[in-house]
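Subject: Two-chain model for your review

Dear colleague,

Please find below the structure that I am handing over to you. My notes on it follow directly after.

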Amino acid sequence: MIELINVSKAYGSDELSVPVLKDVCLSIPKGDFIAIMGPSGSGKSTLLNIIGCLDSLDAGVYQLGRQRVDLLDEDELTQLRLRHMGFVFQMFNLIPRFNALRNVELPMIYAGMQPQQRIQKAVAALSRVGLQDRLNHIPAKLSGGQQQRVAIARALVNDPDIIIADEPTGSLDTKTGHEIMKLFQTLNRHGKTIVMVTHEDNIAAYAQRVAHMRDGVITDIVRH
Amino acid sequence: MLLAHVRDIYFQAVWALRDNLMRTLLSILGIFIGIIAVMAVGTVTQTVHNFVFTELASYGLQTIWIYRQHEAPNPYSTVRTGSGITNLDLEQIQKGCCPAVARVSPEVYYQDWSQLFRFGNRYNNVILEGVDGVFFDISRDEFTIGRNFRDEDIDNRRNVAIIGSEVHKTLIGEHQNPVGKSIRFGEQKFIVVGVLKRKNRDFLASIGAAEDYDVNNKIYIPYTVHQQMLASKDIHQLLIESRSVAETQNAVDQVVELLQRRNNNHFQYKWDTMESWNTKANNILSNISLLGLVAAFVSLLVGGVGIMNIMTTSVVERTREIGIRKAIGATQNDIRLQFILEAVVISTLGGSFGLGVGYILSIVAQHMLQIPLQPPWMIIIAAFLVSIGVGLASGYYPAKRAARLKPVEALRHD
């Protein structure tokens, strides 16, 4: 479903440009759960952002289903994110003033859904992650694990095909981290494709495959 | 974009404003003050305007004064003395020789204005003027007590007098009915037949359209009597009413032509028209109003700059939030709309509060000052629309910046 062919990306201006990705090729089939690992500066976050349609590529081809993502403009990328991607970040990235319900409702507002339907789906999504009695809590009143669950509910609410997770356990204690990973495994079993960046081996162990990166290149891919 | 979607984004904007209440209120205040300023300036100038035109209209807008131009005699003429207007000229105009003239009255007076009058043992300096009954019709005078001159008063040279309200007060005494009383001027004795209602001349005096004396401190007698006292047939000034405001210049031309022809081109004439004072007043007041309104609208613009300032700060502060919104599916249009709506809501609230408070203030001021205030609603509605426009304009640039943020970079912001 995701096909990256010779993808390159550099940051900075012409002469001072630093290559971050060098001719990366990666194929992610539907239903895959892949972890990307590597030291900082290896390009794993940039690769994840490109797969998540948050960032553009300088060269190469990105095929998502039947679509050539590398040829799309910003608003078309936004539509792809809206319809096909759910995001889970290390810092949760919830809107601080909004309670759990409002945070989860937000993607559906941008999808143009009716208010009635939005509330129903938001409550359902929060129940699925075990937060049915925390609907009116703002992020500051929730624990790290609970905030990440709100973020996962928000990522799931538009029923995306792909979950993009950037160090989802990076701000959580070990126990909570494993709980979140079990949630990911369940989602994966229900058919969600998951692309996750992590630097912890025991977190990467939950994935079906682990890709190792160094200096902008994928060095090897290990199947569990 | 669907209306329902605009409504959803609108609520996002309102929530954002509510979450930053202090900042929102301060930027509302800028527009609020701007609207209040426009209302205040507009109401004051409009009220003064009406006040002035009521005063001008009280003298009759078709009024013309024609008199000899003493300082520029005809250089080819041998005749130097005389007022240039005689009883025979007056008769010709009264007969209808000048079709644009509706009514005419003669004015006869001393060259040194003020005269000493006596009532009982009280003395006072007043201005004496000889006129006929038509004079009070043309100058829109009303009688508080007594009557106007009759034809027989004029024709039979009766020693009767009509007095101004100030004369009533200072010479005779406010609580006495002066009608039938006699007042003395030198050896002459005049019986008072009428008292005039008080007239306002504040504005005319302030632009130099009135002499230094008080128009209410005058005594009028039949011009025939005054001519007898002066031993001359001269008329010093004609008070004329044209058939309409549009015919004013025709009336002037016809009368001046008649006077020059009948006096063998010995004299040149000058004239004043109420219409020209009216135009002059209009120009002065319009310029003043314009200046005031420009200043008030500038304060509205300053309010707009305030909104722009706050919105720009807000975009920088909320960069991460914008990144989150974009990541989860907000388009550039969604982001732009939200920030523009925030600015428009601020300016609309400021404008509405300004209108409401301004309206209440105008009612309070009206009660306190006892003056009917006239808020110029057209200008105020325009100012309200301008304030919304200012909101749109000042929200546009920050909104554009927010919409153009790259999601990856915005998310990295802290």
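**Findings**

In helix α8(B) (residues 223-230), the buried residues are Y223(B), T224(B), V225(B), H226(B) and Q227(B). Buried here means under 20% relative accessible area, exposed over 50% and partly exposed in between, with a 1.4 Å probe and protein chains only. Helices (H or I, at least four residues) and strands (E, at least two) are DSSP runs, numbered from the N terminus. A231(B), with a positive phi near 55°, follows α8(B).

The model is predicted: local features need pLDDT of at least 70, side-chain atom pairs count only at pLDDT 80 or more, and totals for chains, interfaces and linings use all residues. Residues are numbered from 1 along each chain as its sequence is written, chains are lettered from A and ligands numbered from 1 in the order in which they are written, and side-chain values use heavy atoms, with hydrogens and water left out.

**Strands of chain B**

Strand β9(B), residues 237-242, is mostly covered, six of its six residues being buried. Q237(B), L239(B) and E241(B) lie on one side, and L238(B), I240(B) and S242(B) on the other. The strand runs antiparallel to β1(B) (residues 63-68), to which four bridges join it; two strands pair if DSSP finds at least two bridges between them. Opposite L239(B) of β9(B) stands W65(B).

**The sheet of chain A**

In chain A, four strands form an open, antiparallel sheet in the order β2-β1-β4-β5. The edge strands β2(A) (18-28) and β5(A) (67-68) each have a single partner strand, so one side of each is left without a neighbour in the sheet. Seven bridges join β1(A) (residues 2-11) to β2(A), and E3(A) stands opposite S27(A).

**The interface between the chains**

Contact (heavy atoms within 4.5 Å) involves 27 residues of chain B and 28 residues of chain A. The area buried between the two chains is about 2400 Å², with 57% given by carbon and sulfur atoms; this is the accessible area (1.4 Å probe) that two parts lose on being put together, summed over both. I324(B), I328(B) and V408(B) supply 23% of the area that chain B buries against chain A, more than any other three residues.

There are four salt bridges between the chains, each a side-chain nitrogen of Lys or Arg within 4 Å of a carboxyl oxygen of Asp or Glu. One of them links D19(B) to R97(A), with the closest N and O atoms 2.6 Å apart. The elements giving two or more residues to this side of chain B are α1 (3-19), α11 (319-327), α12 (332-369) and α14 (407-412). The largest share, eight residues, comes from α1(B).

On the chain A side, N93(A) lies in the loop between β6(A) (85-89) and α3(A) (100-110) and counts as buried at 4% relative accessibility. Leaving aside neighbours within four places in sequence, N93(A) is in contact with R154(A), R320(B), I324(B) and L411(B).

**Positive phi values**

Most residues other than glycine have a negative phi. C53(A), although not a glycine, has a positive phi of about 60°; this residue lies in the loop between α1(A) (44-51) and β4(A) (59-64) and is buried, with a relative accessible area of 1%. R157(B), also not a glycine, has a positive phi of about 50°. R157(B) is partly exposed, with a relative accessible area of 40%.

With kind regards
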